[in-house]
Amino acid sequence: MMLTAEEAQARLAGIPNLTVSSGAPLSRYTRFGIGGPADLYAETADAEAFVAALSAARASGLATMVIGGGTNLIVSDRGFRGIVLRYCAESLRAEGPRAIADAGAPLQTLVDFAIDRGLGGLETLAGIPGSVGAAVYGNAGAYGHSIAERVTAVRFVEGEAIRVFDRAACEFHYRESIFKRHKDWIILSAELLLDAADCAALRKTADGILSVRNEKFPVTMKCAGSIFKNLLLKDLPGAAAAAVPPATVREGKIPAAWFLEQVGAKGMRRGDIHVADYHANLIYNGGAGTASDLRALIAELQARVRERFGIELEEEVQYVGF
Ligand SMILES: Cc1cc2nc3c(=O)[nH]c(=O)nc-3n(C[C@H](O)[C@H](O)[C@H](O)COP(=O)(O)OP(=O)(O)OC[C@H]3O[C@@H](n4cnc5c(N)ncnc54)[C@H](O)[C@@H]3O)c2cc1C
C-alpha cells in the first residue's frame, strides 16, 4: 500500500537522529543550483538511522533516491515526487596502508587524509567534487586514474541486508560500476588500499592538479564538470574514428569535447544555460537557468554530434525527477 507523503513524513519523523523536511527545493542541494522541490528530504550522519530511513522510505511505496553532494545531478524544474535521502557520515580512518571512508565524506577530504599520512594513489583525484559514495558509484577519476584502482571493499545496503563487495564484484569500468545498474544498493563506506609515498611529493602533485582544475572549473561555477562521457576509441564506428586526429586520443579515449568543438558547441547558450567558451564539454548555469533549458541544450548538442559523426554522446550527469 502506498503511503501519502504526509504519512511517510510521520514515519520518518519517528526515526531518531534523522532530519526530515517537506518541499525542500533541490536547487539547494545541487551544484547546478537547479531543481524543484522534493516531496520529502531526509538526512543523517548516523548509519543506523540512515538504514532505517531507507527501509521506511521503500516501505512507503513512494519513489526513493539517495544523493551525495549533488555535483553530478540535473534535477527537474518540477523536483522529485517522492523521498530524497542523504547519508552525511564522513568519518575516515587509516589502518596501515588502508583507508576506510564513510560514503558521505567529501572525496577531497579523503584525498587530503591520504596525502597527510604519506599514502599515495588518490592524489590525482584532487579537486573532484562530491562524496566518496558517489565517487565509487560513478567510478570517478581524472588524470588517467580512477577510484576503482584503489577500492578493495565496498559496504552497502541491499534491502534489509548490509553486504560487502570486493573490487571485482563492483564491476568497475570507465565511469561505471555495478551500483549504477542497481540504484537501490546504497553505499555506506569504502576501503581503499594505498601505497606508502612521500607526503611532500603527493602534495605537490595534488596542488598542481588543483590549480589547473580551479582555473577550468571556478569554485563558484554552477555546473557538473563534464556533461558527457569521453568516448572509447575502440567503440567508435570506423568513419568517426578516422576523423579524429591521433594526437587527440589519450589512453584509448577521445574527449567528448573534441566532437563538440567540431559542431560549434563552445559559447552556445539557451536561456541562462551556457556552454563554456573555453571548453565544449562544460555547461554552466549563469544563475537563472532552468533544467528544461539545460536538457534542451544537451539534446541539441547530442543531435549535432549524431548528425555529423553518427555517434551518440552519453551523459555523465545523472537525471533526477524526469
Ligand atoms: C566542477 C566539477 C568537476 C568535476 N570533475 C570530475 C572529474 O574530473 N572526474 C569525475 O569523475 N567526475 C567529476 N565531476 C563529477 C562529480 O564530481 C562526480 O560525479 C562525483 O562523484 C559526484 O559526487 P556527489 O556526491 O556530488 O554525487 P551526486 O551528484 O549527489 O550523485 C551522483 C550519483 O551518485 C549516486 N549516489 C550518491 N551517493 C550514493 C551512495 N552512497 N550510494 C549509491 N549511490 C550514490 C546518486 O544517486 C546519483 O545517481 C565533476 C563535477 C564538478 C561540479
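Which side chain has an N or O atom 3.2 Å from an oxygen atom of the ligand? That would be tyrosine 137. Keep in mind that what you're looking at is a predicted model.

**Around the ligand**

| Residue | Part of the residue (N or O atom) | Distance to a ligand oxygen atom |
|---|---|---|
| Glycine 68 | backbone | 2.7 Å |
| Proline 129 | backbone | 2.7 Å |
| Tyrosine 137 | side chain | 3.2 Å |

There are 32 residues around the ligand, and the ones that come nearest are Val66, Gly69, Thr71, Ser131 and Gly141. Sorted by class, this shell has 18 nonpolar residues, 10 polar ones and four charged ones.

**The four-stranded sheet**

Strand β3 also turns up in an open sheet, whose four strands run in the order β1-β2-β5-β3 with mixed pairing. Its edges are β1 (19–22) and β3 (64–67), each pairing on one side only. Going from one strand to the next, the twist averages 20°.

At the β1 end, β1 pairs with β2 (residues 38–44) in the antiparallel sense, over four bridges. Here you can find valine 20 standing opposite alanine 42 of β2.

Now look for helix α2 (residues 47–59): it lies across β2, β3 and β5 (80–87). Relative to β5, helix α2 runs at about 165°.

Conventions
Residues are numbered from 1 along each chain as its sequence is written. This is a predicted model: local features need pLDDT of at least 70, side-chain atom pairs count only at pLDDT 80 or more; totals for chains, interfaces and linings use all residues. Side-chain values use heavy atoms; hydrogens and water are left out. Two strands pair if DSSP finds at least two bridges between them. Helices (H or I, at least four residues) and strands (E, at least two) are DSSP runs, numbered from the N terminus. Axes are lines fitted to C-alpha atoms, for helices over the stretch in contact, and angles run from 0 to 180 degrees between N-to-C directions. Contact means heavy atoms within 4.5 Å. A residue is near a molecule or strand if one of its heavy atoms lies within 4 Å of it. A polar contact is a pair of N or O atoms within 3.5 Å; within protein, one must be able to donate a hydrogen and the other to accept it, and residues adjacent in sequence count only if both atoms are side-chain atoms. Ala, Val, Leu, Ile, Met, Phe, Trp, Tyr, Cys and Pro count as nonpolar, Asp, Glu, Lys and Arg as charged, and the others, Gly among them, as polar.
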